[in-house]
Number of protein chains: 2
Amino acid sequence: MSRIRELSYDDQELAITWENASESHLQAIWLRDHCQMPASRNPDNGQRLLNITDIPLDIGIEKVNFDNDKLVVEFSPDGHRSEFDPDWLYQNCYCLNHQYDDRSETSKILWHGLAFAQALPRCAYPAFCEQARSKLAALQAVRDYGFVLLDSVPCESGQVLKVIETFGFVRATNYGPLFEVRVRIDPNNLAYTNLGLGCHLDNPYRDPVPGLQLLHCLDSSTQGGESILQDGFMAARVLRDENPDHFAALSQNWINFRFRDDSADLQSRVPLIEVNDRDEVVKVRFNNRSIDTIKLPPDAIKRYYPAYRHYAEILERPELQVVFKLQPGELMLFDNTRVMHARKAYSASGSRHLQGAYSDLDGLYSSLRILAAGT
Amino acid sequence: MSRIRELSYDDQELAITWENASESHLQAIWLRDHCQMPASRNPDNGQRLLNITDIPLDIGIEKVNFDNDKLVVEFSPDGHRSEFDPDWLYQNCYCLNHQYDDRSETSKILWHGLAFAQALPRCAYPAFCEQARSKLAALQAVRDYGFVLLDSVPCESGQVLKVIETFGFVRATNYGPLFEVRVRIDPNNLAYTNLGLGCHLDNPYRDPVPGLQLLHCLDSSTQGGESILQDGFMAARVLRDENPDHFAALSQNWINFRFRDDSADLQSRVPLIEVNDRDEVVKVRFNNRSIDTIKLPPDAIKRYYPAYRHYAEILERPELQVVFKLQPGELMLFDNTRVMHARKAYSASGSRHLQGAYSDLDGLYSSLRILAAGT
């Protein structure tokens, strides 16, 4: 229980000194907006029942006192009465608590390739399905490192969609609910050849970009074709450390991406490095194949290219990459707003067949929270 | 054909004066990066075959001349040779052309409610399905105004999903592939009561937010329950016009949204007004029910509340709203990153049943472009 040592207030502010000497200074309007009474909040689902415009323009604090360990605030001019549990105020007030942000670089574990020299984050699919604890650990790996490898996944066509259904929802695209990664005649995308592919994220031309990608290996008997993963958030941090102006050039200048074939014409205007209001990385994009004509203003072009090249050069540094060969029955699940993937070229002899699909981060994070609350 | 009047170059820049006296000054690295030759671009799908790091660090222009109406650029130090069609350069160079941005307020037609006093953007569903021109016009209405009404949509359960399949892909969520909007016992969301709902956008607690929402009316025999739509981009513009500091407070301070029930716990940290690199609105969010505890720093709190209240007050102005009653067989399709919706309370007698579903903007815009190219 959070004990209050001292309390004072005026019309606009309630000041609390807590037993541990920390202080909260809370605005009248914030207190009224965060009233936890049944008339203000639906007690079942926690949804706010009032609109900010329902609060009188000249809202003030009339009186504050204690009643049965509750802090009772009476507001002027409407006489509204709110009871606050001191524990709730201590744990939720804006003076002592920060917002949560699961997507920002600050809440992730950034990594170099060597971090996984001993082992990749990995989970057996049967355990993933049967044990909440295994599944939770696997989803936490996606949240923290941006990827996990599932193994012993049945080598059946369409299985990748069943895996998504265990934690979220399939994001169907113009490629279908799932896409086949193997050598094709007349490929509409270089992914469907046996060429190597540089580090990239998928679908930057799509807005919103799918937040998760799964690649399930059904067959792999070629020479080569190794998978490469790397932490795009780490690459962005390296860029910022080495040259803050380059980081700023890539986050402050948005560019066009495009993919076009007979049945789709997808266009976006987005940054290579997307930051939040605190200039923290929340999303990266990189795909040399699908950057459309760059039409930044002339001054920005001069500033952009050295930054873009610098970032691309960082992405090629072997120490940032982890390299492994996906075996039949293995599936990699990765955050497509963070973890870049690449593949080495592979031989024409033998066969290689992956099935891929997209999903979104909201479903995975929600499943993770529900699991964490239950274990 | 774009004729070149004058041409000059040095190691780093190609300068072109066009017949209409406009000028292009093109950097060597941009020219090399935009080489259109088969070795640099896949001629079938237009994908770039080179990485920015494949370009020599000291790339320069060695020589420029004409060959069969092509501008031939030879680069140092590697001797790479690029042929450019002058028309292509004129239409694509960054000096004379801007980036496209379908999502920004600048490419939309912003509206007040009176704009639709005569008629709402509307399309008969049979024509939508059978005539490319009708479908194109309807999708353009979504792009330009943010919404369209389809009528004569078969009153069959699940039809809303079939409508999505005509232009894009269903975004399934924890509410299911579709959701039923009618009065429920023990609702997990106020939408499933007969209470009025203030202007809001759906699912701000979801990241990425679904870009499109469809509401299909299957039954409506209650008193009340009218639908209200309003242009959130216009509301943001009004806010900026009336008080730029308030606009800045809402775009520069991201906040938490949350929805929680037994099976889902969705959290986001996003702004009420999302802007691009040019400070143009690209997305708005508003949902008083699902704003989580606001934990901005104390200084930001003082700046935020007046702005938030001002914006909410603008959203309630009747002149910004269009009001109509959705009839059975009508479906509204609207941009959930722009157009806010609300509903009036309705009577307990009679019945009201809508089916809703979500989709994403990328699929709709892609279909629109393919249709426009073919008509």
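**Figure 1. The contact between chain B and chain A.** The contact draws on 91 residues from chain B and 91 residues from chain A. The model shown here and in the following views is predicted. About 7,900 Å² of area is buried between chain B and chain A, and carbon and sulfur atoms give 49% of this area. The count of residue pairs in polar contact between chain B and chain A, both partners at pLDDT 80 or more, is 46. On the side of chain B that touches chain A, at least two residues each are supplied by helix 1 (28-33), helix 2 (86-92), strand 13 (255-260), strand 14 (265-270), helix 8 and helix 9 (361-374) of chain B. Helix 8 of chain B provides the largest share of that side, with 8 residues. By residue class, the side of chain B that touches chain A comprises 37 nonpolar, 26 polar and 28 charged residues.

Figure 2. The same surface serves both copies, as 100% of the contact residues of chain B recur in chain A.

**Figure 3. Salt bridges across the interface.** Side chains of opposite charge can pair when their charged atoms come close. Between chain B and chain A, 10 salt bridges are found across the interface. One of the pairs between the chains is A:Arg206 with B:Asp362, whose closest N and O atoms lie 2.8 Å apart. Another salt bridge links B:Asp277 to A:Arg269, again with 2.8 Å between the closest N and O atoms. This pair crosses between chains: B:Asp277 belongs to the loop between strand 15 and strand 16 of chain B, and A:Arg269 to strand 14 (residues 265-270) of chain A. B:Asp277 counts as partly exposed because its relative accessibility is 26%, whereas A:Arg269, at 6% relative accessibility, counts as buried. Salt bridges that share partners also join A:Arg171, A:Asp360, B:Arg171 and B:Asp360 into one network.

**Figure 4. Salt bridges within chain A.** Over all chains, the count comes to 44 salt bridges. In chain A, A:Asp265 forms a salt bridge with A:Arg258, and their closest N and O atoms are 2.8 Å apart. A:Asp265 has a relative accessibility of 7% and therefore counts as buried. A second pair is formed by the side chains of A:Glu274 and A:Lys283, which meet in a salt bridge at 3.7 Å, N to O. Both A:Glu274 and A:Lys283 are buried.

Figure 5. Helix 6 of chain B spans residues 232-242, and its buried residues are B:Gly232, B:Phe233, B:Met234, B:Ala235, B:Ala236, B:Val238 and B:Leu239. The cover over these buried residues includes three helical or strand segments named by their ranges as helix 7 (244-252), helix 8 (298-315) and strand 12 (227-231) of chain B. Strand 15 (273-275), strand 16 (281-284) and strand 19 (339-343) of chain B are also among the elements that cover them. At the start of helix 6, a side-chain oxygen of B:Asp231 comes to within 3.0 Å of the backbone nitrogen of B:Phe233.

**Figure 6. The loop at B:Pro297.** B:Pro297 is located in the loop between strand 16 and helix 8 of chain B. With a relative accessible area of 49%, B:Pro297 is partly exposed. The C-alpha atom of B:Pro297 is separated by 45 Å from that of B:Val163, and the two residues are 134 residues apart along the chain.

Figure 7. Chain A contains 9 helices and 20 strands. Its C-alpha atoms fill a box of roughly 80 × 55 × 40 Å along the principal axes. Of the 375 residues of chain A, 63% count as buried. Among the contacts in chain A between residues at least 6 apart in sequence, 73% join residues at least 24 apart.

Definitions and conventions
Residues are numbered from 1 along each chain as its sequence is written. Chains are lettered from A and ligands numbered from 1 in the order in which they are written. This is a predicted model: local features need pLDDT of at least 70, side-chain atom pairs count only at pLDDT 80 or more; totals for chains, interfaces and linings use all residues. Side-chain values use heavy atoms; hydrogens and water are left out. Buried means under 20% relative accessible area, exposed over 50%, partly exposed in between (1.4 Å probe, protein chains only). Helices (H or I, at least four residues) and strands (E, at least two) are DSSP runs, numbered from the N terminus. Contact means heavy atoms within 4.5 Å. A polar contact is a pair of N or O atoms within 3.5 Å; within protein, one must be able to donate a hydrogen and the other to accept it, and residues adjacent in sequence count only if both atoms are side-chain atoms. Buried area is the accessible area (1.4 Å probe) that two parts lose on being put together, summed over both. A salt bridge is a side-chain nitrogen of Lys or Arg within 4 Å of a carboxyl oxygen of Asp or Glu. Ala, Val, Leu, Ile, Met, Phe, Trp, Tyr, Cys and Pro count as nonpolar, Asp, Glu, Lys and Arg as charged, and the others, Gly among them, as polar.
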